[in-house]
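Me: Could you walk me through this structure, starting with whatever sits around the ligand?

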Amino acid sequence: MSKNVIIVGGGLAGLAASIYLAKAGKTVTIFEKKRQLGGRAITHLRHGFRFNLGPHAVYRAGAASAIYRELGIALRGGSPRKRGVALFDGQPHRLPAGPFSLFATSLLGLKGKLEASFLLPRLRTIDPKPYASMTAREWLDRNVSDPRLRQTFEAFLRLATYSSAPGQISAAAALGQLKLAMKGVLYVDDGWQKIVDALHSHAVTAGVNFVTSSRIVRVDHDGRVRGIEIGGLELEDRNDTMSIALPDISPEGERGTRLPADVVLLAVDPETVEELVDDDLGLHTTPVVAACLDVALRKLPNKKNTFALGIDQPLYFSVHSAAAQLTPRLGALIHVMKYRADGSGPASEKELEGVLDLLQPGWRTVIQHRRYLPSMVVSNSLPKPGLRRPTPETSIRGLYVAGDWVGEEGMLSDAALSSAKAAAMAILARET
Ligand SMILES: Cc1cc2nc3c(=O)[nH]c(=O)nc-3n(C[C@H](O)[C@H](O)[C@H](O)COP(=O)(O)OP(=O)(O)OC[C@H]3O[C@@H](n4cnc5c(N)ncnc54)[C@H](O)[C@@H]3O)c2cc1C
């Protein structure tokens with residue numbers, strides 16, 4: 001059996017898997033198509049402000065946190081304040097996030113408040129498993145009678161899962177994720193790049209090799225992996241969020257550079273996996289998509305408004321710099337987002353600007369930098385009732401997969417990291 005493992009994709013999943021494999025004695029090489037490692041966890045430095053790709057928070061009790069701890073990666077940062085604004089019909093109300101704000105809010109009537117006072121504590125200890133066959137909407141219809149409270153709970157589920165499809169998402173997954181979110185989240189100092197850099201440094205220490213700006217275009221296999229093909233040059237757009245593949249400049253008919261390999265881990269999205277193996281592996285998933293407006297301000301016009309959630313609109317607003325170190329002195333880094341339901345058209349940037357107009361009036365006069373990302377894939381796989389995500393081991397011998405769409409554990413980066421570890425363990429068990 002070969003000692004060599006090739007990993008395609010230098011995001012969190014690829015990086016984490018490489019550390020487990022290299023520490024166990026494998027010779028690991030990561031191929032990343034972009035110039036920089038990190039994938040969706042990258043942070044861009046603009047005028048001294050650290051921009052994650054949209055709002056990113058680590059779930060403190062999640063699988064990713066446990067893996068960072070296991071790898072010896074300590075995360076620094078802060079948690080957002082509990083106090084927040086609920087936006088309903090264009091008006092701000094107090095967000096009912098705890099007993100006091102529930103009592104004080106003008107968002108709910110007496111009946112809704114009473115019902116919430118029983119339901120909110122129940123959610124902390126709920127066992128989500130029995131609800132695996134129903135959608136979040138079905139669970140809400142059965143368990144919440146006050147219509148405004150139902151909308152409020154829908155907003156909480158959106159916040160935890162990033163999904164604006166309560167009629168599609170599994171109630172078990174959504175409730176599990178909400179329960180996890182209620183245990184606390186961390187906004188990371190210096191942005192998620194700090195996590196990427198720490199993983200990279202651990203990988204380098206473990207002896208992992210890196211080939212960046214190098215796109216893999218094919219995995220050669222005949223039921224067993226035989227090699228990979230390295231393709232053309234990759235150009236990146238100004239925001240470094242999209243890349244354009246240039247055709248290979250090799251003579252016509254000639255294929256890219258071939259490298260023999262018998263163990264390959266694809267830490268990329270499911271569409272790319274099927275393209276690379278040129279086969280239908282049945283990996284059809286529904287992505288969870290959001291539109292993000294990321295804004296750097298020289299100062300924060302309204303220091304009280306640091307967090308808001310749309311109740312009748314799928315909107316999110318959070319001043320991440322209020323909890324984490326992300327800006328020069330006095331500056332503010334704000335993420336505004338619209339959760340996009342499957343099939344809904346792109347959100348308008350103006351709509352997101354409207355949230356800033358309401359909560360941070362005067363923001364336009366203190367703006368330092370802004371970036372609009374109309375269509376970010378937050379997760380490659382919306383967990384639907386009855387959906388079983390693929391295992392890290394595929395039907396092609398020597399081919400493994402990892403990412404937020406693989407394995408049974410967690411969502412978002414928790415799924416990416418836990419499937420990365422599971423893929424590494426499967427490789428060590430099968431290929432040694
Ligand atoms: C707006 C937004 C908000 C988010 N918020 C949160 C949050 O609050 N909490 C949370 O836990 N998660 C969050 N996430 C999700 C989190 O960012 C991802 O789960 C995680 O970064 C995924 O890591 P990955 O390595 O699986 O995939 P990716 O980061 O997508 O990495 C895949 C890598 O593979 C490379 N690649 C692809 N094809 C090829 C090829 N052919 N050859 C070579 N390289 C290739 C890509 O360039 C990329 O670097 C958020 C994501 C977004 C977009």
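Reply: What follows covers the ligand and then a pocket.
This is a predicted model, where local features need pLDDT of at least 70, side-chain atom pairs count only at pLDDT 80 or more, and totals for chains, interfaces and linings use all residues. Residues are numbered from 1 along each chain as its sequence is written, and side-chain values use heavy atoms, with hydrogens and water left out.

Me: Ok, which residues come nearest to the ligand?
Reply: Of the 37 residues around the ligand (a heavy atom within 4 Å), those that come nearest are Glu-32, Arg-40, Ala-57, Tyr-162 and Ser-413.

Me: And what does Tyr-162 do there, in terms of atoms?
Reply: A polar side-chain atom of Tyr-162 is 2.8 Å from an oxygen atom of the ligand, while a backbone N or O atom of Pro-55 lies 3.0 Å from a ligand nitrogen atom.

Me: Switching topic, what is the volume of the second largest pocket?
Reply: Its volume is about 620 Å³, taken as the space filled by probe spheres set on the grid points, which are joined across faces, edges and corners.

Me: Which residues are closest to its centre?
Reply: Of the 24 lining residues, Ser-170, Ala-172, Ala-173, Glu-408 and Gly-410 are the closest.

Me: Where does that pocket lie?
Reply: The second largest pocket lies between domain 1 (4-42 + 193-282 + 389-430) and domain 2 (44-191 + 288-379), because both give residues to its lining.

Terms used:
A polar contact is a pair of N or O atoms within 3.5 Å; within protein, one must be able to donate a hydrogen and the other to accept it, and residues adjacent in sequence count only if both atoms are side-chain atoms. On a 1 Å grid over the protein atoms alone, a cavity is a set of points where a 1.4 Å probe fits but cannot get out, and a pocket is an open set with protein on both sides within 12 Å along at least five of seven lines; lining residues have an atom within 4 Å of a point. Domain bounds come from an automatic or database domain assignment.
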